[in-house]
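Q: Could we go through this model together? I would like to begin with one of its helices.

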Amino acid sequence: MIKALLLVLMAGKIGKFLMTTGTMLLSIATYAFVYGWRYAVGFVGLIFAHEMGHYLAARKARLDVGAPCFIPFVGAWIQLKEQPMNAEVEAAVAMAGPVLGTGAAFLCYLAAESSGSKLLMAISYSGFMLNLFNLIPITPLDGGRIVSVISPKIWYVGIPVLIGLFIWHPSPMLLILGIMFIPKVLETLRNGDIESGPYYSAGRAVRIRYAVQYLALAFFLSVTVYTIHERLAGTV
């Protein structure tokens, strides 16, 4: 009986490993077909770092979480098999992804600076842009989950941002995000003062801490993305 249980557990772990590595390799192969394998490996590696931030934070919060799964030209995701107990835990798990992802992109940037590699610079730019995009304050993006502990009303700020991005660069992905965001908008309109509910209740110090962290990370990423974009544009 014990041996059978151990075999089941081992099979589950192997299955998670195969799912992560399999979808990761599929993403690398897909990106490599368009951008070349060196860029593909670097970019998917940065996505992995981002998702591992979520994974480790979820495990720290004692949440049942699945291994990262990659989807080419969409990104990656981890499955939370149980919902966070409150908005603060949700924000902590959400914030960990952009933080670790930004750290990994910054390491690529430092390597690019020291080696003069345009490839590494381009990879770091993609990593910074990926994490900045994820900070848009709408769900299911990380930004929407982070600002929920500050005030769910900030979700409304994400609406014009999403519309502006779609006008600037029409994308099916932006359209899908908009459709996925509709239930949250309806929830806030239907329930009125949603942040007074038990799930979104948080102390003033907690709200201020996450507001400072969110704005600081968004500012850093915005400046970094702009600076690297100008540098890369100047070398063309």
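Q: Which exposed residues sit on the face of α6 turned away from its buried side?
A: That face carries Pro160, Ile167 and Trp168. Exposed means over 50% relative accessible area, buried under 20%, and partly exposed in between, with a 1.4 Å probe and protein chains only. Helices (H or I, at least four residues) and strands (E, at least two) are DSSP runs, numbered from the N terminus.

Q: And which residues of α6 are buried?
A: Trp155, Gly158 and Leu162 are buried in α6. They line one face of the helix, because seen down the axis of α6 the buried residues fall within an arc of 40 degrees. The arc is that of the directions from the helix axis to the C-beta atoms.

Q: Why would residues three or four places apart point the same way?
A: An α-helix has 3.6 residues a turn, so residues at that spacing point the same way.

Q: What kind of model is this, and how are residues numbered?
A: This is a predicted model, in which local features need pLDDT of at least 70 and side-chain atom pairs count only at pLDDT 80 or more, while totals for chains, interfaces and linings use all residues. Residues are numbered from 1 along each chain as its sequence is written, and side-chain values use heavy atoms, with hydrogens and water left out.

Q: How many helices and strands does the protein chain have?
A: There are eight helices and two strands. From the N terminus on, the order is α-α-β-β-α-α-α-α-α-α. Of the 236 residues in the chain, 41% are buried.

Q: What about α8: which elements do its buried residues pack against?
A: They pack against α3 (87–115), α4 and α5; contact means heavy atoms within 4.5 Å. The buried residues of α8 include Val206, Tyr210, Leu217 and Ile228. Helix α8 (residues 204–234) has 31 residues, and its end C-alpha atoms are 45 Å apart, which agrees with the 45 Å it should span at 1.5 Å a residue. The expected span is 1.5 Å times one less than the number of residues.

Q: Which residues touch the most other members of the largest nonpolar core?
A: Phe128, Leu135, Ile146, Val149 and Tyr210 do, in a core of 47 residues. A nonpolar core is a set of buried Ala, Val, Leu, Ile, Met, Phe, Trp, Tyr and Cys residues joined through side-chain atoms within 4.5 Å. Apart from it lies another core, of ten residues, among them Met52 and Val93.

Q: What does leucine 135 touch, beyond residues up to four places away in sequence?
A: Leucine 135 touches Pro98, Gly143, Ile146, Tyr214, Leu217, Ala218 and Leu221.

Q: Changing topic, where is the cis peptide bond joining threonine 139?
A: The cis bond joins threonine 139 and proline 140, with omega about 15 degrees. Threonine 139 lies in the loop between α4 (118–133) and α5 (142–147). At 7% relative accessibility, threonine 139 counts as buried. Its contacts beyond four places in sequence include Trp155, Leu177 and Phe181.

Q: What is the phi of arginine 62, and is that residue buried or exposed?
A: Phi of arginine 62 is near 65 degrees, a positive value in a residue other than glycine. Most residues other than glycine have a negative phi. Arginine 62 counts as exposed, at 75% relative accessibility, and lies in the loop between α2 (37–60) and β1 (69–71).

Q: Lastly, how many disulfides are there?
A: A search of the whole structure finds zero, a disulfide being a pair of cysteine sulfur atoms within 2.5 Å. Cysteine 69 is buried at 13% relative accessibility, and cysteine 108 is buried at 17%.
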